[in-house]
Amino acid sequence: MALITISGYPASGKSHRADQLKTYLERRLQEPTYDGPKLKVTVLTDDKLNIKRHVYDDGCQEKPARASLFTAMQRNIGADTIVIVDGMNYIKGFRYQLYCAAREHRLRICTLYVVARPENCKEWNLARGEGQDLYNPATLDNLIMRFEEPSSMVRWDSPLFTVPWTDEEIPGDEIWKAITEGNVKPPNAGTSAVAVAPTDALHSLEQTSAAMVSAIMSEQAVSQGMGVGGPVMLSLSPVLKPKLNLPARNITLSELQRLKRQFVTIHKKAITLGTTEKGAVDWSEDKIAEKFVLYLEENLKP
């Protein structure tokens, strides 16, 4: 239903804001005035995924940790769930990855940017106390330096809601409106599922186009080389009889074979590499014959 990405410096109070947001959303969903679908609110955090803060000391450990968070997000998103991704999400490329996954599932999205001063983050990190999962001070400095701030000017961070450390409450009403009334962006070409052709599509393409070439040559043979001209019905089978308008001249076999090869080459790419056409693609013999008829009529010279 919706994906809310929380971003901010490490130890900036993001988990506190995530708890506030979860409480607010659950209260709105229970109000008598709410008449929408039944929804649940899920918060994903490093702690819930058993990701320790020491993984951020090493880039080789950090990448699998991000992958775990992304996989958990994919498992939880759906039409009946509001997912809050509570993490640093400090890399804009990772936020874009979350955005693309949300678009693929046609979810509404927004970003909550938790703002705090670096000195506050360092103080709050040390205040966790002995035995708690702390950031290494050098790692904390490094993460703050590498942080890529969200921007309302880019589509994967929009709409963007900023909460400074001095605010006691989150902008709940604005976030609620964004995830319940905001625009649902369709998947782009990069996230759309590719329509797969049947396994016998290439065979049908070759056989049907070759049969049509033979049928055209047979019709010309009946006309004793004078050229058929006008509409002609090609009898390929008892049920497959495509109609074709031929020019009023004799068409050579080499010309038809050349056009057939071009036609097969064009459509072979769609079969072997997939196609971005929306919906199912019909590779039945009658549809192939229909496409070849149009191709011949466009490319046969008068």
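The legends below describe close-up views of a predicted model.

**View 1. A salt-bridge network that joins Arg-27, Arg-28, Glu-31 and Asp-173.** Side chains of opposite charge can pair when their charged atoms come close. In this view the side chain of Arg-28 meets that of Glu-31 in a salt bridge, with an N to O distance of 3.4 Å. Glu-31 is partly exposed, at a relative accessible area of 24%, whereas Arg-28 is buried, at 18%. The side chain of Arg-28 also meets that of Asp-173 in a salt bridge, for which the N to O distance is likewise given as 3.4 Å. This second pair links distant parts of the chain, with Asp-173 placed in helix H6 (residues 172-181) and Arg-28 in helix H1 (residues 14-30), 145 residues apart. Through salt bridges that share partners, Arg-27, Arg-28, Glu-31 and Asp-173 are joined into one network.

**View 2. The salt bridge between Glu-255 and Arg-249.** The two side chains meet with an N to O distance of 2.8 Å. Glu-255 is buried, with a relative accessible area of 13%. For context, a search of the whole structure finds 14 salt bridges, one of which is the pair shown here.

**View 3. A negative surface patch formed by Asp-200, Asp-282, Glu-285 and Asp-286.** Among the residues that form this patch is Asp-286, which lies in helix H9, a helix that spans residues 285-299. Asp-286 counts as partly exposed, with a relative accessibility of 42%.

**View 4. The cis peptide bond that joins Ser-158 and Pro-159.** Most residues other than glycine have a negative phi, and most peptide bonds are trans. The bond between Ser-158 and Pro-159 is cis, with an omega of about -10°. Pro-159 is found in the loop that runs between helix H5 (137-146) and strand S5 (160-164).

**View 5. Positive phi values at Asn-89 and Arg-106.** Asn-89 is not a glycine, yet its phi is positive, at about 45°. This residue, Asn-89, belongs to the loop between strand S3 (81-86) and helix H3 (92-104), and it is buried, with a relative accessible area of 5%. Arg-106, which is likewise a residue other than glycine, has a positive phi near 55°. Its position is in the loop between H3 and strand S4 (108-115). In contrast to the buried Asn-89, Arg-106 is exposed, with a relative accessible area of 51%.

**View 6. Ala-210 of helix H7 shown together with Gln-257.** Helix H7, in which Ala-210 lies, covers residues 201-222. Although Ala-210 and Gln-257 are 47 residues apart in sequence, their C-alpha atoms are 8.3 Å apart in space. Ala-210 is partly exposed, and its relative accessible area is 31%.

**View 7. His-267 of helix H8 shown together with Ile-288.** Helix H8, which contains His-267, comprises residues 253-273. The C-alpha atoms of His-267 and Ile-288 are separated by 9.6 Å, while the two residues stand 21 residues apart along the chain. His-267 is buried, with a relative accessible area of 16%.

Conventions: Residues are numbered from 1 along each chain as its sequence is written. This is a predicted model: local features need pLDDT of at least 70, side-chain atom pairs count only at pLDDT 80 or more; totals for chains, interfaces and linings use all residues. Side-chain values use heavy atoms; hydrogens and water are left out. Patches are made of residues with over 30% relative accessible area and no salt bridge: like charges are joined within 9 Å, nonpolar side chains (Val, Leu, Ile, Met, Phe, Trp, Tyr) within 5 Å. Accessible areas come from the Shrake-Rupley method with a 1.4 Å probe; for residues, only the protein chains shown count as cover. A salt bridge is a side-chain nitrogen of Lys or Arg within 4 Å of a carboxyl oxygen of Asp or Glu. Lys and Arg count as positive and Asp and Glu as negative; His and the chain ends are not counted. The place of a charge is taken as NZ of Lys, CZ of Arg, CG of Asp or CD of Glu. Helices (H or I, at least four residues) and strands (E, at least two) are DSSP runs, numbered from the N terminus. Buried means under 20% relative accessible area, exposed over 50%, partly exposed in between (1.4 Å probe, protein chains only).
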